[in-house]
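Thank you for making time this morning.

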Amino acid sequence: MAGIKVVSKINYPLVILGLAIFTSFILFVDLDEQRPQITYTAAIAILMAFWWVTETIPVGATSLLPLVLFPLLGVLDGKMISNSYINYIIFLYIGGFIMALAIEKWGLHKRIALKILSVIGGSPLKILFGFMLASAFLSMWMSNTATAMMMLPIGFSVIAALKETAPKNTTRSFSNGLLLAIAYACSIGGITTLVGTPPNLSFVRIYEIMFPTGQEISFGNWLLFAFPLAFVLFIITLIYLFLAFKPEKNSSQLPSSFFKKKYADLGKMSSEEKKVGFLFIVLVFLWIFRKSITIGNIAIPGWSGMLSAPEYINDGTVAIGVALLLFIVPSSKKSKALVSWNITKKIPWHIVLLFGGGFAIANGFVESGLSHYLGNLLVGAKDFSETSLIVLVTSLMSGLTEFTSNTATTEMLLPIIGGLATEINVNPLLLMIPVTLAGSMAFMFPIATPPNAIVYGSGKLSMWQMAKTGFVLNLIAIVLITILTVTWGTIVFGL
């Protein structure tokens with residue numbers, strides 16, 4: 001799961017500038033004389049994009065603009081636009097996040113990470129692999145911000161141990177590679193599941209809004225599609241970081257007992273950890289196998305098919321169902337459950353509102369006709385081959401997400417890409433999926449994603465080290481996303 005920082009200070013010059021741009025656009029621009037709603041929707045989208053990117057006011061507050069401006073300008077009914085902020089995707093995120101908070105509360109995430117590291121070993125390559133595996137796995141289910149924050153102290157303890165056992169100044173390069181491995185693995189792991197990073201959830205809902213008769217993107221088939229990309233990118237990143245930050249001979253070897261001791265220091269697994277772990281496994285199983293999974297002629301039936309109305313069940317239903325059990329299943333403390341309602345204070349409600357704002361914008365694009373209008377403007381893209389189009393939109397998103405919120409950028413770009421796909425008569429998934437994946441492929445700059453910022457904030461890395469390493473990975477990610485979409489995507493989604 002991805003995070004986004006919360007801004008408390010208000011930049012009033014940018015507030016005024018944004019409003020001036022918004023007003024000027026409405027007064028002096030006329031995109032379609034017959035349908036002024038197109039111009040109004042574009043003006044609202046520009047204002048939101050400007051305030052989102054510059055973080056002029058808190059992103060959650062910016063996300064509420066459609067609730068006021070769409071009805072005020074006659075674009076959408078207030079009741080209709082309000083429904084954008086409450087839907088099953090929102091509850092999928094909330095339920096998944098409550099589970100992640102429960103795992104964090106009882107320390108199960110640290111136990112998982114140290115167990116992985118204790119099993120893998122202490123050679124340089126194994127250390128990198130262990131940290132990346134633990135970071136990637138946890139980021140599939142938890143906030144990648146929380147994962148990076150948890151893995152960083154463990155990383156520092158390893159670096160300190162290496163310095164004690166190696167000659168002076170021989171571990172610096174490898175230490176930098178280890179820190180980058182934590183940050184990059186968090187992003188790579190996040191793309192694997194729908195709850196792993198917000199752009200994935202944004203894509204599912206925006207696709208449903210724009211193409212209500214299209215196929216359902218379930219947790220299981222997204223995992224089936226995205227896992228090969230994450231796996232290959234994981235291996236390439238591991239090898240690349242090891243070669244780029246290769247330690248001097250015998251300078252980064254830890255005794256096999258190092259991680260085993262740290263794991264032993266955690267003590268026995270508590271009953272709460274066992275209960276949360278069991279519910280987590282149940283949640284993942286129910287998510288993956290809710291709907292039938294089909295690969296060619298092979299079909300694995302989903303459990304919802306055993307119900308009288310399987311179409312009534314969605315991934316949000318599952319997430320909230322298991323989250324409710326966390327409030328019911330008792331802990332070892334008298335009359336207390338595994339989690340209390342206080343834990344909901346830690347849910348990033350600004351991201352929940354960010355989702356809603358993005359879904360509202362998508363609704364506005366469709367209902368006003370703006371997505372059709374923009375698609376017509378880009379209709380010249382029909383002369384491109386499908387592969388060239390995928391490379392183009394993936395590269396565009398990969399570049400933008402280095403400087404802006406990946407969730408906000410995804411939610412602004414997907415309706416445009418969906419409109420383009422309609423106008424040039426290609427399967428919208430062919431373009432919308434690569435854009436979504438590219439939204440999480442931000443490896444170059446600290447501002448691109450919270451794990452990058454956390455690792456850079458340690459003061460151990462230079463901007464240049466992160467930028468040059470990340471640039472290569474960005475290029476590799478664009479190539480892999482393109483190849484995966486036109487090959488594996490054809491099998492999983494029928495692209």
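Let me start with Leu72, which is exposed, with a relative accessible area of 64% (exposed means over 50%, buried under 20%, and partly exposed in between, with a 1.4 Å probe and protein chains only). Please keep in mind that this is a predicted model, in which local features need pLDDT of at least 70 and side-chain atom pairs count only at pLDDT 80 or more, while totals for chains, interfaces and linings use all residues. Residues are numbered from 1 along each chain as its sequence is written, and side-chain values use heavy atoms, leaving out hydrogens and water.

Leu72 has its place in helix α4, where helices are DSSP runs of H or I with at least four residues, strands are runs of E with at least two, and both are numbered from the N terminus.

Turning to charge, the structure holds seven salt bridges, each being a side-chain nitrogen of Lys or Arg within 4 Å of a carboxyl oxygen of Asp or Glu. In one of them, Arg111 pairs with Glu273, with the closest N and O atoms 2.7 Å apart. This pair links distant parts of the chain, since Arg111 belongs to helix α7 and Glu273 to helix α14, 162 residues apart. Arg111 is buried at 6% relative accessible area, and Glu273 also counts as buried, at 5%.

Glu216, by contrast, counts as partly exposed at 28% relative accessibility, and forms a salt bridge with Arg290, which counts as buried at 2%. Shared partners join Glu216, Arg290, Lys291 and Asp315 into one salt-bridge network.
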